[in-house]
Amino acid sequence: MQLIKEVKFLIGKELLLEWRSKYALNGVVLYVVSTVFVCFLSFVSLKGVTWNALFWIIMLFASINTVSKSFLQESKGRQLYIYTIASPLALIISKTIYNVFLMLLVTLIALAFYTLVFDYVPQDMGLYILATILGSLSFSTIFTMISAIASKAGNGGMLMAILSFPVIIPVIIMLIKLSKNAVDGLDRSVSLDEIATLLIINVLVGAFSLLLFPYLWRD
């Protein structure tokens, strides 16, 4: 019960800070909109596999900009304050939930604008939206965990890039396969393996975060 209260308080803190500054959301939405517009000026028309690949490239970098700062931007004073009022589990859970919410919002806005600008809709739009939701969940859990690890190092930005590369590659491969099935309009039963793999990756990353973060936060 105490854990739930702490998680609610920390999520409320994150929402309040974001509402006051609007830095993360406005910055990422501006990045996504400007990138899509530049791609439209360069390619004019995109369809099929190219349309799908470009979308995930944009979302990968958008997710790095959105989630990576969750721990890296925390000052020493704020970390000490959080350390005195909440448990490590509450902190990692609240950060992950907040980042999932933020990434879902950014991803859905990006997908709507992307389809509008290029005037192209996948044959199975429902499955494609599911792929974007799973992608948002995967990016959020992975980058939150890696951001927590990198924040304890001197050069956090470089360390995060090095650590995230081998972890994010299998996720990107699964997401591209799943979304390509949606673009081609294949039967949804074909995509069950990719969906199951992404869910398992998320569960494993979440479990590792809950197990390792308390020891990391103690330092």
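## Annotated spans

The end C-alpha atoms of residues 125-146 lie 31 Å apart, and this span is 100% helix and 0% strand, where helices (H or I, at least four residues) and strands (E, at least two) are DSSP runs numbered from the N terminus. For residues 49-68 the end C-alpha atoms are 28 Å apart, with 95% helix and 0% strand. Both spans are among those that an unreviewed UniProt entry lists as "transmembrane region"; such annotations may be inferred rather than shown by experiment.

The model is predicted, so that local features need pLDDT of at least 70 and side-chain atom pairs count only at pLDDT 80 or more, while totals for chains, interfaces and linings use all residues. Residues are numbered from 1 along each chain as its sequence is written, and side-chain values use heavy atoms, with hydrogens and water left out.

## The pair α6 and α7

Helix α6 (residues 88-118) and helix α7 (residues 125-151) have axes that come within 8 Å and cross at roughly 145 degrees, the axes being lines fitted to C-alpha atoms over the stretch in contact and the angles running from 0 to 180 degrees between N-to-C directions. Residues in contact (heavy atoms within 4.5 Å) include I92, V100 and L111 in α6, and Y128, I133 and F139 in α7. The residues of this contact divide into twelve nonpolar, nine polar and one charged.

## The second largest pocket

Twelve residues line the second largest pocket, and I64, F143, M160, A161 and S164 lie nearest its centre. Helix α8 gives the most to this lining, with eight residues.

Methods
Nonpolar A, V, L, I, M, F, W, Y, C, P; charged D, E, K, R; others polar. 1 Å grid on protein atoms, 1.4 Å probe; cavity = no way out; pocket = protein on both sides within 12 Å on 5 of 7 lines; lining within 4 Å.
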